[in-house]
Number of protein chains: 2
Amino acid sequence: MNLTLYGNRESGHAYKVKLFLALAGIAHRYVPVDLETPRAERPADFRAVAKFGEVPVLVIDGTPHVQSDAILLHLARLTGRFGGGTDARVLEWHFWAANRINLSVPNLRFYRRYPAEAPAGAVAWLDERARLDLARLDEELSDRTFLAGDDPTTADIAACAYLFWLDQIGYDIAHWPAIGAWLDRIRALPGWAAPYELQAAS
Amino acid sequence: MNLTLYGNRESGHAYKVKLFLALAGIAHRYVPVDLETPRAERPADFRAVAKFGEVPVLVIDGTPHVQSDAILLHLARLTGRFGGGTDARVLEWHFWAANRINLSVPNLRFYRRYPAEAPAGAVAWLDERARLDLARLDEELSDRTFLAGDDPTTADIAACAYLFWLDQIGYDIAHWPAIGAWLDRIRALPGWAAPYELQAAS
């Protein structure tokens, strides 16, 4: 497989894909995309493959793939790693994450960093949702090692990404001890590295 | 397969699952759940299977499945219908829908119907997002029949559900003609019925 990943160090969605590749030890080319450049002015190679003008894009043998959770499941099926991409429980957690915690936490983080762009009231709403989502995740993780059981799957990779940045939204991980312990288990996986480390512009 | 679906007529997420079963002509038992009853007081059979206390839950041969998009993909794999549940493009659209249009439109619909529960500012934010999501979907659908190509897949079922209710949020489908034409193609599929019709409490 010839792999090129377009990412950005501030994108937790791109980090998910980079983290899968790092944990699975899969060689690939990494291309950082400057998201502050207007979409129409981004490099031509990126615009040619980025269906939604967003990162991540993973080009696999010439075919571009978008949507981080879909990429994770596709990689899992291609490699047989991290659950293999077809388990019903793993899918459930992917969609829970996509519709819940990966909506509330990333948007809240963005508006905490760029408060001038936050519509009035949206932050309070996202804050309330994020706390509900974290409480739910904490409860679920209190009785098991990883989201779908004893072994890490793509669902863990999808759900954990933005949670390494909770401090950026002023949350203290100590409020959600089961999440903290689970993040520690993920940190202990061979090949793991933190978001900014893994997507260092180079 | 022995199938029991727990749903509610106001849930577009439950409608997705009911619609798959209707379009595929798969016999099942349908149990409406009264969502106005507090979670702890809902029927014991529902509480026993509903991991998140939410509809839909599809019990397949005794095993409960939650998260509507995950259920659709699982049913597709079990039956081989509507894309078979493993195509990369189909997965991309599922996650786009889960994180975008099935976040903005359902929440906006809810707050339009229950304005007293809407946090200040959240409605404006959701309205802006919903219009962006609809514009994107309209653009994508302008050059093809269904989301992943010539044939309907689970991605179409997932993305269309709440869009049959756009009038409930005061939107006129005429603004998004490619979406309107696509919804008409879905309406024309054998077995299709509208949300309230398919989940009539009975």
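The structure holds one cavity of 30 Å³ or more. A cavity here is a set of points, on a 1 Å grid over the protein atoms alone, where a 1.4 Å probe fits but cannot get out, and its lining residues have an atom within 4 Å of a point. Rolling a probe the size of a water molecule over the atoms shows where empty space is left. In the largest cavity there is about 40 Å³ of space, where a volume means the space filled by probe spheres set on the grid points, which are joined across faces, edges and corners.

Before going on, note that this is a predicted model, so local features need pLDDT of at least 70 and side-chain atom pairs count only at pLDDT 80 or more, while totals for chains, interfaces and linings use all residues. Residues are numbered from 1 along each chain as its sequence is written, chains are lettered from A and ligands numbered from 1 in the order in which they are written, and side-chain values use heavy atoms, with hydrogens and water left out.

## Who lines the cavity?

Which residues line the largest cavity? They are A:Leu23, A:Phe82, A:Pro152, A:Thr153, A:Asp156, A:Ile157, A:Cys160, A:Ile186 and A:Leu189. Helix α7 (residues 154-160) of chain A gives the largest share of this lining, three residues. Helices (H or I, at least four residues) and strands (E, at least two) are DSSP runs, numbered from the N terminus.

Sorted by class, the lining has seven nonpolar, one polar and one charged residues. For that sorting, Ala, Val, Leu, Ile, Met, Phe, Trp, Tyr, Cys and Pro count as nonpolar, Asp, Glu, Lys and Arg as charged, and the others, Gly among them, as polar.

## Two lining residues up close

Let's zoom in on A:Phe82, one of the lining residues. A:Phe82 sits in the loop between α3 (68-79) and α4 (88-99) of chain A, and has a positive phi of about 55° although it is not a glycine. Is A:Phe82 buried or exposed? A:Phe82 counts as buried because its relative accessibility is 10%; buried means under 20% relative accessible area, exposed over 50%, and partly exposed in between (1.4 Å probe, protein chains only). Over in chain B, B:Phe82 has a positive phi of about 55° too, and at 9% relative accessibility B:Phe82 counts as buried.

A:Cys160 also belongs to the lining. With 0% relative accessibility, A:Cys160 counts as buried, and B:Cys160 is buried at 0% as well.

Two strands pair if DSSP finds at least two bridges between them. β3(A) runs antiparallel to strand β1 (residues 3-7) of chain A, with four bridges joining them, and A:Thr4 stands opposite A:Val59. Four bridges also join β3(A) to the antiparallel strand β4 (residues 63-66) of chain A, where A:Pro64 is the bridge partner of A:Val59.

β3(A) and β4(A) form a hairpin with two residues between them, and A:Asp61 in the turn has a positive phi of about 45°. In the loop between α2 (44-49) and β3 of chain A you'll find A:Pro56, which a cis peptide bond joins to A:Val55, with omega about 0°.

Conventions:
1 Å grid on protein atoms, 1.4 Å probe; cavity = no way out; pocket = protein on both sides within 12 Å on 5 of 7 lines; lining within 4 Å.
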